[in-house]
Amino acid sequence: MSLFVQPGFAGRQQPADAEIRSLLKKTVSEASSFYDKYDAEVWLVDMNSRMARFVKAPDKRLAMLKMIHQEATRAGLQPELVLSVIHVESLFNRFAVSRVGAQGIMQVMPFWKNEIGRPQDNLIDLATNLRYGCTILSHYIKKERGDLIRALARYNGSLGKTWYPRKVMTAMYKYWYPQ
């Protein structure tokens, strides 16, 4: 039996269909942020099945996972933490716009574009949004000397409150933390 499992059947180990098997093989072979191909395969298979309820299309899901892992790793973050922030911020809707104007999958505020002199950047673009969001979160973690609660509250704009960090940590342990 193949290592690849059909999404939504965790624990019952159903063989994957040919399409998802092919997509996973391609994604694993192109994954540059992993230690090795085995590490990539294990993480992508695990997270692919977890994300299936939020992102229905397997090709979009795997492309998103690869990008999330790459940007999280580049910023020195745990990919599962980034998945948790995305879960809470946008529920994986890359077109999300909040009532206060935060945009994209990681809900980045548009003022950041002007802060860095790149007003033309598109925060709805997945790669751009992940680069901004992961960089900002990583900066806040460093600024707060590793205090994840304060860093997450700062990311959300609710420094001094713990409701947002609790939501992210709950999502991480309920949905994204490897078991």
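Biologist: Where is the place of Q107?
Modeller: Q107 sits in the loop between α4 and α5. Helices here are DSSP runs of H or I with at least four residues, strands are E runs of at least two, and numbering goes from the N terminus.

Biologist: Before I go on, what kind of model is this?
Modeller: It's a predicted model, where local features need pLDDT of at least 70 and side-chain atom pairs count only at pLDDT 80 or more, while totals for chains, interfaces and linings use all residues. Residues are numbered from 1 along each chain as its sequence is written, and side-chain values use heavy atoms, with hydrogens and water left out.

Biologist: Okay, what's the phi of Q107 like, positive or negative?
Modeller: Positive, about 50 degrees, although Q107 is not a glycine.

Biologist: And is Q107 buried or exposed?
Modeller: Q107 counts as buried, at 10% relative accessibility. Buried means under 20% relative accessible area, exposed means over 50%, and partly exposed is in between, with a 1.4 Å probe and protein chains only.

Biologist: What about F92, where does that lie?
Modeller: F92 is in the loop between α4 and α5 (111–115). Its phi is near 70 degrees, a positive value in a residue other than glycine. F92 is buried too, with a relative accessible area of 5%.

Biologist: Zooming out, how many helices and strands does the protein have?
Modeller: 8 helices and 0 strands. From the N terminus on, the order reads α-α-α-α-α-α-α-α.

Biologist: What share of the residues count as buried?
Modeller: 47% of the 179 residues. The accessible surface comes to about 9,700 Å², and 52% of that belongs to carbon and sulfur atoms. Those areas come from the Shrake-Rupley method with a 1.4 Å probe, and for residues only the protein chains shown count as cover.

Biologist: Which contacts join residues at least 24 apart, as a percentage?
Modeller: 48% of the contacts between residues at least 6 apart in sequence. Contact means heavy atoms within 4.5 Å.

Biologist: Let's do helix packing. At what angle do α3 and α4 cross?
Modeller: Roughly 115 degrees, and the axes of α3 (residues 58–74) and α4 come within 8 Å. Axes are lines fitted to C-alpha atoms, for helices over the stretch in contact, and angles run from 0 to 180 degrees between N-to-C directions.

Biologist: Which residues meet there?
Modeller: On α3 you have L65, I68, H69, A72 and T73, and they meet P79, V82, L83 and I86 of α4. By class, that contact has 7 nonpolar, 2 polar and no charged residues. Nonpolar covers Ala, Val, Leu, Ile, Met, Phe, Trp, Tyr, Cys and Pro, charged covers Asp, Glu, Lys and Arg, and the others, Gly among them, are polar.

Biologist: How far apart are the axes of α3 and α6?
Modeller: 9 Å, with α3 and α6 (residues 126–143) packing at about 30 degrees. α3 and α6 are therefore roughly parallel to each other. The cut-offs are under 35 degrees for roughly parallel, over 145 for roughly antiparallel, 65 to 115 for roughly perpendicular, and oblique for the rest.

Biologist: Is the α3 and α6 crossing left-handed or right-handed?
Modeller: Right-handed. That's the clockwise case; left-handed is when the near helix is turned anticlockwise from the far one by less than a right angle.

Biologist: And α4 with α7, what's the geometry?
Modeller: The axes of α4 (residues 79–90) and α7 (residues 148–156) come within 13 Å and cross at roughly 40 degrees, so the pair is oblique. The crossing of α4 and α7 is right-handed. L81, V85 and E89 of α4 meet L148, L152, Y155 and N156 of α7. Those residues divide into 5 nonpolar, 1 polar and 1 charged.

Biologist: Which helix has S84, and what is S84 in contact with?
Modeller: S84 lies in α4. Leaving aside neighbours within four places in sequence, S84 is in contact with V168, A171, M172 and W176. S84 is buried, with a relative accessible area of 0%. S84 and Y175 are 91 residues apart in sequence and 7.8 Å apart in space, C-alpha to C-alpha.

Biologist: Last one: where is Y164 found?
Modeller: In helix α8 (residues 163–176). Y164 counts as buried at 1% relative accessibility. Beyond four places in sequence, its contacts include V85, V88 and E89, as well as L152 and Y155.
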